[in-house]
Amino acid sequence: MKRILLSIAIAAILAATGHDASAQQSIYDFTVKDMSGKEVSMSEYKGKVLLIVNTATQCGFTPQYEDLQALYEKYASKGLVILDFPCNQFGGQAPGDMESINAFCTSKYSTTFPRFAKVDVNGENASPLFTFLKSKQKFRGFGSGDKAKILSEMLSKSDPDYASNPDIKWNFTKFLVDAKGNVVARFEPTASMTLVGNVVSSKLY
C-alpha cells in the first residue's frame, strides 16, 4: 500500500509542471555565481538531472543537508547534480559570508555538491534563475504534519493570501530539473526526503 501511495504521489508531482509566458526561455540561458563570485553558465549542466535548493545554515530544516549529501552520493554517478544556493531571506537563517557557510556545511555535513554565492529568491533582487524556476513550478501547499502546520500558520499571519503566489516560502525549497532542462517538480521543505529521492531517481538515466 505504501508503494502504491508513493507512486501516486510521484505521478501527481510530475504531472504538475507549470506553463506560462516564459516557456520560450531555457534554464541553460542563465548564469549564476559560484562561491568566489565567478560566473558559471547553467549550460555547463546540460544533460544532468539537477536538484536546485535554497539553503540556510541555522534553520530547522538544515539537517536536510545530510539527506541531500546521501542522495548526491547515491546518484551522482547516474547524472544527478545538487546545486546549493544559500539564502538569508527567511528568518535571517543564513548569516555569515560564503567562506563560513561553506566551512559549516563541509565540516558538519561533509557536503561535496556544488555551492554557489548567496542569493535572494524572492523580491526585486531575486536571482533570475529562481524567478524562472518559480514560473515553472508554483506553490501547491506544504502538505500535512506539524512542520507544515507551523509554516502555514506563521506565513498566514503576515500574508493571508501567501498560498496564491509562486514565491518561495522558506528555506530548503527544491526544484527538480530533468536531463532535457525541464523543471519537472517543486518540493517544499516539508516534503519527505524519501519522496524527493524517489522522484529524483525516476528521472535519472
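This is a predicted model: local features need pLDDT of at least 70, side-chain atom pairs count only at pLDDT 80 or more; totals for chains, interfaces and linings use all residues.

Biologist: Why is β3 described as largely enclosed by the rest of the structure?

Modeller: Buried means under 20% relative accessible area, exposed over 50%, and partly exposed in between (1.4 Å probe, protein chains only). Val49, Leu51, Val53 and Thr55 point one way, Leu50, Ile52 and Asn54 the other, and all are buried. β3 is largely enclosed because its buried residues number seven of seven.

Biologist: Which residue in β4 is the bridge partner of Leu51?

Modeller: β3 and β4 run parallel and pair over seven bridges. Leu51 belongs to the set that includes Val49, Val53 and Thr55, pointing one way from β3. Its bridge partner in β4 is Ile82.

Biologist: Which residue in the turn between β5 and β6 has a positive phi?

Modeller: β5 (residues 174–177) joins strand β6 (residues 183–187) through four bridges, antiparallel. Val177 has Val183 as its bridge partner in β6. The two strands form a hairpin with five residues between them, and the residue with a positive phi, about 90°, is Gly181.

Biologist: How many aromatic pairs does the structure hold?

Modeller: Rings of Phe, Tyr and Trp (its six-membered ring) pair if their centres lie within 6.5 Å; planes under 30 degrees apart count as stacked, over 60 as edge-to-face and the rest as tilted. The total is 12.

Biologist: How many residues apart are Phe30 and Phe132?

Modeller: Phe30 and Phe132 make a tilted pair, 5.1 Å centre to centre with 50° between the planes. Both are buried. Phe30 lies in the loop between α1 (2–14) and β1 (31–33), and Phe132 in helix α4 (residues 128–136); the separation is 102 residues.

Biologist: What is the angle between the planes of Phe85 and Phe130?

Modeller: Phe85 sits in strand β4 (residues 80–86) and Phe130 in helix α4, 45 residues apart. Both are buried. Their pair is edge-to-face, 5.4 Å centre to centre, with an angle of 85°.

Biologist: Which residue lies over the face of Phe139?

Modeller: A charge sits over a ring if NZ of Lys or CZ of Arg is within 6 Å of the ring centre and within 35 degrees of the ring normal. At 5.0 Å from the ring centre of Phe139 lies Lys169.

Biologist: How many disulfides does the structure hold?

Modeller: A disulfide is a pair of cysteine sulfur atoms within 2.5 Å. Cys59 counts as buried, at 9% relative accessibility. Cys105 is buried too, at 0%. The number of disulfides is zero.

Methods
Residues are numbered from 1 along each chain as its sequence is written. Side-chain values use heavy atoms; hydrogens and water are left out. Two strands pair if DSSP finds at least two bridges between them.
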